[in-house]
Amino acid sequence: MTDAELLDLLRRDRTAGMEALLARYRPLLRYVIGGILAECGDGEDCLSEVCLALWQKLDRFDPARGSLSTWLTAVARNTALNHLKAHRRREAHTAEAAGEPVSPDTPEQMLLRQERAERLKAALNGLRDRDRQLFYRRYYYLQPLSQIAAEMGMTERAAEGRLYRLRQRLRQELGGDDP
Amino acid sequence: MNDWNEFDRELMETVTDLPPAAGTVRAVTPWREAMDRILLGLCLTCFTLNFLYLQYLLPAIGTVQLYLGFRTLRGNNRFFKLCWFFSICKAILLFTSFVLNATPYSDVLIGLRTALQTGIILAMLLILRQALRLSAAAADHATDRDPLLWAAVWYAALIALALFWPEPGWVVFFLMVFAFYRIAKSLHGVTAELEKWGCGVRASPVRLSGQQFQMVYYTSLLALVLLCGLLSNHIWLKAEPTEQTFTTAEEASRQHLRELEMPEEFLAQLPEEELRQLAGASACQYLENEETSSGNNKSPRLSGAMVYLGGGTARFYVLAEYADGVPLFWQNLAEFANSSTVRWDGACYLSYEKDGTAYRTIVPVQEATETVDNYFTGPSESTFIRAWYSFPAGAKNRTCLFICTQKLWEAKTPAADYYYDCIVNFYRSHLPITYPYRPLTGWESSYPVDLTQFCQFFQFSLPRP
């Protein structure tokens, strides 16, 4: 079943469509979550959260803005990241922060954030495919170095060295703190 | 993430607004890089293109890709591990074969080596099929297609075509291309299958990066091939220092040859054992080559002598004197090519000076009867006497003396004056390395050679009784 057929099914029969979507994309979702939650190991709980999030947000998906797999990856990543933050807060006994409403960005902060994103986008466009993949694995998929190294056929040391050079380059292009 | 600094956190926050492009999402999987390597490796090793050294380059690249791909996936199940083991065997076999190809042993067990390489690929296709089925089952995915089985079937068809039509015509060639297309298509089908459940596989850690492994493998292979090629293309001959001291009988023979008008400089090149054979010579004719085929200053100066020994038998001597500075470190070939008479006792001597000492060595000669296809007279059997030699680096005053005994006539005395055209070819390889190793074979050599030909007409007017 193609993505278009899957989306069509979701429109017609949401339950059946969701089942088909999960049958197809569960390994991908599990993979994205597994990288982010490698250290805390409650991936299955998070997968349930992701499924719930997908059910709730499915109407927001716009095929014109990107592929279905990109969108699913983004949802899984953000949910897993929130899950990780919550897990850390629990570990650090700072439960009070969990339910604390996050203050929205001011217009000035939003502008700064947007400007940073533009500069980073330009910098990423200048990278070679392999370096871009390394960057996304590290900062978007938040994969552990050992996983990145194994999947890219490198030793951890080589991956670390490459990542270090990549950071230096980005630091030069974007500006940032010294290591 | 615990050891991240502010810059790392900033990157992580910022990239949230920049989700990866579809290409990056496709690339970030545990299997894609490894499986791309495996599929590329299988494609490159399934088909042989016999030009521009692609028959060596493509399998070398493919074999390394196979090893790197299976190395990443080896931890998933025992079939992947078995594939990894086969890829190691294939890499070792290819390495050994390529090094062996650079030596005179390039033909040793060539059938077995080819059969092993082919068998390993076929086995890999079938074992990889099992490995993927097992992984799919582990990911709760039922496979409805079997692309690797088809790839194995088409590969078997390709082998059958190669076996039954080793020199394919256009029809068989197109059939082979079609089989290869089917293999490539089937392998592409594997990727399509993995898109569905491939995120369930696991990549294993490695101790040597793919880039480092490739560098080590290719560099050591190239270095060994070059070294073996260089050593093999220099023909090692053990030379002894010579001292020109003659026994009384040899000195008498020298004097006799002087009286038969053999030039002194030519006489000086004859070894003692030859002088002894020529003691009873009754006539001698000496000729210098006036022209050479190459006709440049790199051609050796050629001269020859025919010494009549009596009873219709003559001994021919052809001397090649090489100019200093002409590279002779690689393969050289002296070949007695005239086919019309009976001859035997072929011999070849090299002489040179090095560090002020004169050396002489005997070069082994080989006699071979071959069918030569002449444009005018049709195919006929000819016997060739050949000697392969190389001079050591830095040698001076280098000469090659080629000798052969000819039966000129069977009757006690010839009916009339006797004429004999003597042809000796001296070949010199232009290349320090020939890959795969092949000895010089005269004009039919598949690499550039220099030829200088001694071609003279000897005429005897024997005294009538």
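This is a predicted model: local features need pLDDT of at least 70, side-chain atom pairs count only at pLDDT 80 or more; totals for chains, interfaces and linings use all residues.
Biologist: What makes Leu142(A) buried or exposed?

Modeller: Count its neighbours. Leu142(A) has 21 C-beta neighbours inside 10 Å. The cut-off for buried is 20 or more. Therefore Leu142(A) counts as buried.

Biologist: Where is Leu142(A) in the chain?

Modeller: Leu142(A) lies in the loop between helix 6 (129–140) and helix 7 of chain A.

Biologist: What is the phi of Leu142(A)?

Modeller: The phi of Leu142(A) is near 50 degrees. That is a positive value in a residue other than glycine. Most residues other than glycine have a negative phi.

Biologist: Which residue of chain B has a positive phi?

Modeller: Take Tyr53(B). Its phi is near 65 degrees, and Tyr53(B) is not a glycine. Tyr53(B) is found in the loop between helix 3 (32–46) and helix 4 of chain B.

Biologist: Why is Tyr53(B) called exposed?

Modeller: Tyr53(B) has 11 other C-beta atoms within 10 Å. Exposed means 12 or fewer, so Tyr53(B) gets that label.

Biologist: Why is Ser146(A) called partly exposed?

Modeller: Ser146(A) has 13 other C-beta atoms within 10 Å. Exposed needs 12 or fewer, and buried needs 20 or more. The count of 13 falls in between, so Ser146(A) is partly exposed.

Biologist: Where does Ser146(A) sit, and what does Ser146(A) touch?

Modeller: Ser146(A) is in helix 7 (residues 145–151) of chain A. Leaving out residues up to four places away in sequence, Ser146(A) touches Glu156(A) and Pro205(B).

Biologist: How far is Ser146(A) from Gly126(A)?

Modeller: The two are 20 residues apart along the chain. Their C-alpha atoms are separated by 26 Å.

Biologist: What makes up the secondary structure of chain A?

Modeller: Chain A has eight helices and zero strands. Of its 179 residues, 30% count as buried. Its C-alpha atoms fill a box of roughly 50 × 40 × 35 Å, taken along the principal axes.

Biologist: What share of the contacts in chain A links residues 24 or more positions apart?

Modeller: The share is 54%, among contacts with a separation of 6 or more.

Biologist: Which domains does chain A have?

Modeller: The assignment gives domain 1 (1–102) and domain 2 (105–179). Their centres, taken over C-alpha atoms, are 23 Å apart.

Biologist: How many residues of these domains are in contact?

Modeller: Six residues of domain 1 of chain A meet six residues of domain 2 of chain A. On the domain 1 side, helix 2 (14–36) and helix 4 (68–91) of chain A each supply at least two residues. Helix 2 of chain A gives the most, with three residues. By class, that side has four nonpolar, one polar and one charged residues.

Biologist: How many residues does each chain bring to the contact between A and B?

Modeller: Chain B brings 35 residues and chain A brings 37 residues. On the chain B side, helix 1 gives the largest share, seven residues. That side divides into 21 nonpolar, eight polar and six charged.

Biologist: How do you know which kind of peptide bond, cis or trans, joins Tyr435(B) and Pro436(B)?

Modeller: Look at omega. Omega is about -5 degrees, and the bond is cis. Most peptide bonds are trans. Pro436(B) lies in the loop between strand 11 (418–429) and strand 12 (449–460) of chain B.

Conventions:
Residues are numbered from 1 along each chain as its sequence is written. Chains are lettered from A and ligands numbered from 1 in the order in which they are written. Helices (H or I, at least four residues) and strands (E, at least two) are DSSP runs, numbered from the N terminus. Two residues are in contact if their C-beta atoms, placed from the backbone, lie within 7 Å. Ala, Val, Leu, Ile, Met, Phe, Trp, Tyr, Cys and Pro count as nonpolar, Asp, Glu, Lys and Arg as charged, and the others, Gly among them, as polar. Domain bounds come from an automatic or database domain assignment.
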